[in-house]
Amino acid sequence: MIVQSTEIPRRYQAVTRENIKKLAVWSRLSPELQEAVMVVSAVLPFRTNTYVIDELIDWDRVPDDPMYQLTFPQRGMLTARQYDRMAGLVLGGAPREETQRAANEIRFQLSPHPAGQLTHNRPYLDGERLDGVQHKYRETVLFFPSQGQTCHAYCTFCFRWAQFVGISDLRFASREVDKLIRYLKQHPEVSDVLFTGGDPMVMKARTLAAYIEPLLTPELEHIRNIRIGTKAVAYWPHRFVSDPDSDEVLRLFDKIVASGRHLAVMGHYNHPVELSSPIAREAIRRIRATGANIRMQSPVVRHVNDDADAWAELWRTGVQLGMIPYYMFVERDTGARHYFELPLVRVWEIYREAYNQVSGLARNVRGPSMSAFQGKVRILGVTEIGADPVFILEFLQARQPELVRIPFFARYDPEATWFDQLQPYRESDRPFFEERPKQVLDALVELTA
Ligand SMILES: *Cc1c(COP(=O)(O)O)cnc(C)c1O
Ligand code: SF4
C-alpha cells in the first residue's frame, strides 16, 4: 500500500544511514533487509527522503517494489565476498578507520570513473584545463555547478556514485561561470549548455540564477538551448511547487524563455509510479507553464524497470502530461553493475515491446543507447548476415562526428551487457570500436582548444 498523505510535506527531509532507524518504516523491514541497508550503505551511497518513502514506495511489495530497489541498498549490490567482509566489520563494531579502508578498497573495484569522464572530456581555456566543464560532443557543453553535486535522493544504480562517497575528485565541479562564458565565446559551434550534477535543482533559486543568467547575454546568441538535467521532478517535485523559493525558480525559467532560448528540463524518470502523485503532476504543469519543455530519460535497470509495460506506461502518461520521451539508456558500466545490468539483447527487446504499445507521439524516443567512451551507441537490432547473427549498431553522438548514424555491425553475443564486450563483425567495422590512445586525444584537444 502506498500511503498518500493528504497534506503536502512542507519541508524536505533527507533519510540516510544516520537517521533511518528512527523512521516508522524501519520496523517494516525484515532483519535481513535491515542488515543489508546498514552493510551496503557503508560502501555505496544511500540517501532517500520522506516523500519517496511515504508516497512512492509501496511497502507491501518491499523488497521487490521498484522504488525501494531504486533508492534502498540491496544485499546483491555487493558480491558475497564483499558483503561478508563488510558485514563482519559493520556488525562487529570494527573501528571506523578499518571499516572505511575496507569500503574504499571495494569502491575501487567498482570502476568509479566510467567512460573516461575525468580524463578525456575536460576542455581547455587559454591553455588551462577547465574545471567543472565537459565538452565531448560538438554542440553541447556540460556544466557541473559545484553546489549542485548532490541529489534529493540517490539512485542505487547511479553512475556518478563515486562523488557521493567522496572518492571522485570534485574538481569536476566549478563555481566559476565567467570561465564558462569565456569558453563559450570562443566556441560558436556550441548551441546547448546542459547544467548537470548530481542535480542542479538542489541549489537555491538564487544560486541557480547566478549560474544561468550570465548566459542569457546577447553576446552568447549562439547558445540557443539551456538544458537542466534533474531528478527533482521525480524525487522532490515540491521543488517546483511548494518550496520557499519555488516561485523564484519558475521566474528564472520565465526569464530564460523570454531571452529567446529554449529551456529543456531533462527529467530523469525511471518508473511510471513517479508520475502518479498529484504533486508530481503539479510540478510538470507549473514547469510547462513557463514555456519550458520537459524531456524524459532513464536507463533500463534490472529490478527497477526491466519491464516493457512499465516503460510504455511511463511514456504514455508522460506524453499525456505534455512531456517528450527522449532517451532510453543502457545501464552504465560502473558501481554495482552486476546487480543492475541486463544483456543488451534484452534491453533492445524491452525497447521494442514498449515502443510497440505507444502512439507516434512517444515514438521519437531514442534508444537503447550506451554512453560509451567512443560515443552514444544505439542498438538498432539483431539480424543475420549469411548464417552469422549480428548486432546492428549506430552512433547517435560520437567523439568522431563523421561516424554518426552509419550503421555498423558487431558479432552477436547474447550475454554482452556493454559496448566494450562486443567485437567488430567485419574489418570495416573496426574503426567504430577504436578508442584512440589517450595521448593522441589529449594532443587533439590541445590543438583545437
Ligand atoms: C548525452 C550527452 C550529451 C547530450 O547529448 P544529446 O544527444 O544532445 O542529448 C552531451 N554530452 C555528453 C558527454 C553526453 O553524454
Ligand atoms: S539523480 Fe542522477 S546523479 Fe542523482 S543519484 Fe540518481 S542517477 Fe545519480
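Predicted model: local features only at pLDDT ≥ 70, side-chain atom pairs only at ≥ 80, totals over all residues.
## Conventions

Residues are numbered from 1 along each chain as written, chains are lettered from A and ligands numbered from 1 in written order. Local features need pLDDT of at least 70, side-chain atom pairs count only at pLDDT 80 or more, totals for linings use all residues, and side-chain values use heavy atoms, without hydrogens or water.

## The largest pocket

The largest pocket holds about 1100 Å³. A pocket is an open set of points on a 1 Å grid over the protein atoms alone, where a 1.4 Å probe fits, with protein on both sides within 12 Å along at least five of seven lines. Its volume is the space filled by probe spheres set on the points.

The lining (residues with an atom within 4 Å of a point) has 44 residues. Phe159, Arg160, Gln297, Phe329 and Arg332 lie nearest the centre. Strand E11 (a DSSP run of E, at least two residues) gives the most, with four residues. The lining divides into 20 nonpolar, 15 polar and nine charged residues.

## Ligand 1

Ligand 1 takes the space of the largest pocket; for this, more than half of its atoms must lie within 2 Å of the grid points. Residues around ligand 1 (a heavy atom within 4 Å) include Arg227, Tyr327 and Leu142. E5 supplies the largest share of this shell, three residues.

The side chain of Tyr326 is at 2.7 Å, that of Gln397 at 2.8 Å and that of Lys376 at 2.9 Å. Alone, ligand 1 exposes 380 Å², and the protein buries 86% of that (Shrake-Rupley, 1.4 Å probe).

Note on methods: Nonpolar A, V, L, I, M, F, W, Y, C, P; charged D, E, K, R; others polar. Polar contact = N/O pair within 3.5 Å; in protein donor to acceptor, adjacent residues only side chain to side chain.
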